[in-house]
Number of protein chains: 2
Amino acid sequence: MTAIYRQVALIGLGLIAGSMAHAMREAGLAGRITGHARSAATRDTAREIGLCEVFDTAAEAVRGADLVVLAVPVGAMGPVMEEIAPHLAPGATITDVGSVKQSVIDAVMPHLPEGAHFIPGHPLAGTEHSGPRAGFATLFRNRWWLLTPLPDTDPQALARLESLITAMGAKTDRMGAPHHDLVLAVTSHAPHLIAYTMVGVADHLRRVSGEEVIQYSAAGFRDFTRIAASDPTMWRDVFLHNKEATLDILGRFTEELFVLQRAIRMGDGQQLHDYFTRTRAIRRGIIEAGQDTGAPDFGRTPGANPAE
Amino acid sequence: MTAIYRQVALIGLGLIAGSMAHAMREAGLAGRITGHARSAATRDTAREIGLCEVFDTAAEAVRGADLVVLAVPVGAMGPVMEEIAPHLAPGATITDVGSVKQSVIDAVMPHLPEGAHFIPGHPLAGTEHSGPRAGFATLFRNRWWLLTPLPDTDPQALARLESLITAMGAKTDRMGAPHHDLVLAVTSHAPHLIAYTMVGVADHLRRVSGEEVIQYSAAGFRDFTRIAASDPTMWRDVFLHNKEATLDILGRFTEELFVLQRAIRMGDGQQLHDYFTRTRAIRRGIIEAGQDTGAPDFGRTPGANPAE
């Protein structure tokens, strides 16, 4: 494939940027891939595994790049943009991969140089692992990569970025930033906080030993711990920067939970059964939409799962 | 392998009983496998796939059996035991596979005939699928199967049942019924109710379309929907029969959630970061205990996952 960008600069070298480097190299989508991470240890690891041309400063990494990808925690986007702004090539496109969009736009736009294009983005892909070694080329395959372009976004710059994203195997969609932040509060941010909370409750409980919780985690709790093992810095920033939508969803969640708790306390089996029957239908929709498989998931113990 | 029981009768022919039938037949653990399900459609399916010798009544299925497995929803255990009691072979062992133990003991014991042994059990294994077609021989491999024997349980009958369970690939542990019910409230029952609730919230939200929730479920929410797709009747009974422990854990959960919500509202990033760092350690413990794999889980789209 012909390279879509002459030089792509990755600022932040974690799971997402690392996977982009693998995917772009495999498909020949970038003439050069340069990169920078704030931590010297991360830069050393990235050099060791040959992830990209690693520079000690973000300024050096972005020099000459026609695409710059901000792949740092949401709270670091503004300062990073401020740092690289004087070093950007004329007409460069800047995108980000943050899980929250409005606050990133608010933080980045004041620093955007004349003639540069900022196109906010969010790949709905990831694992519970983090760091440069966690990346792999197929991470984005068949996943959504949402873009929240601004009203005056250059259509050509947008189309070019979309062609890079689809060439890495992802599907793109466009929406407004506030709507993105609400949708993600429902599908990702609130579920993560809930999973973190439930794992914390288990950790505090004194009458049940930690060993018991761990040994007998097979049904339900195990999935929560996987979610709750995600990168703490990334998630701290997500909650602080999508505060309103997350608190709104958590408020609704608590209301709903109280209704079900009351049904349990009152012994209202019919209400519980009706509720659980409705939620089953949503699951079927997700399988039909190709966002998960219908194969049973019952432990993921290596070798024990005929469906894997 | 020599058969451990002359005849095993399965009452209820869902995921667990079906998987037991496959596992016992593969390893030659039972001379005969008989069974009964209340629904004629389930009996027809079980006959069609040759799951076991299917009888139209539970009384016929248990005739001559030296092991009877009650594999029905927790709320049906008492009535089923009452129905089969007059037809049990002298000295038969009865076990169950319910997710709650104290209420099953309370419901079953009054009907237990002189000379029969009741040994309550709970395999920590399952998938989000249900019904006789959902079973497979390796479901129990490397999973825990908890037993909550009563103070006067016959040691020989207990050892024999344990040898059947381990021959199906599971690991056994013994504990008191009330402790079991508390441990499972933490590791399974509360997480399930929480997952059902979060999926219900998404379903109600009018500003976000159902299609968006389904399409963009990749991060976090997807795992909740898998949990929330479990059998509604089984789970209704679990909550109604483990009411106190579940409400206790949900109360602690709500408290803890309010603390984190407050940290978000107040912008206390340090508290969030500390909390998320602690929950990560629990995840590592679960992987080390062999209850999950460390392989990244990022969508389970067929063919897209190099780790599967």
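What follows is a set of questions and answers on the pairing of the chains in this predicted model.

Reader: What rotation superposes chain B on chain A?

Author: The superposition has an RMSD of 0.0 Å. The shift along the axis is 0.0 Å. The two copies are thus related as by a two-fold rotation axis. The rotation is 180 degrees.

Reader: What percentage of the contact residues of chain B recur in chain A?

Author: Contact here means heavy atoms within 4.5 Å. By that rule 115 residues of chain B touch 114 residues of chain A. The same surface serves both copies, and the recurring share is 99%.

Reader: How many salt bridges, and how many residue pairs in polar contact, link chain B and chain A?

Author: The buried area between the chains is about 11000 Å², and carbon and sulfur atoms give 66% of that. The salt-bridge count is zero. Polar contacts are found across the interface, with both residues at pLDDT 80 or more, and the residue pairs number 14.

Reader: Which element gives the largest share of the side of chain B that touches chain A?

Author: Several elements of chain B supply at least two residues each, among them β8 (144-147), α11 (243-266) and α12 (269-288). α7 (177-204) is also one of them. The largest share is 21 residues, and its source is α7(B).

Conventions:
Residues are numbered from 1 along each chain as its sequence is written. Chains are lettered from A and ligands numbered from 1 in the order in which they are written. This is a predicted model: local features need pLDDT of at least 70, side-chain atom pairs count only at pLDDT 80 or more; totals for chains, interfaces and linings use all residues. Side-chain values use heavy atoms; hydrogens and water are left out. Copies are superposed by least squares on the C-alpha atoms of residues with pLDDT of at least 70 in both. Buried area is the accessible area (1.4 Å probe) that two parts lose on being put together, summed over both. A salt bridge is a side-chain nitrogen of Lys or Arg within 4 Å of a carboxyl oxygen of Asp or Glu. A polar contact is a pair of N or O atoms within 3.5 Å; within protein, one must be able to donate a hydrogen and the other to accept it, and residues adjacent in sequence count only if both atoms are side-chain atoms. Helices (H or I, at least four residues) and strands (E, at least two) are DSSP runs, numbered from the N terminus.
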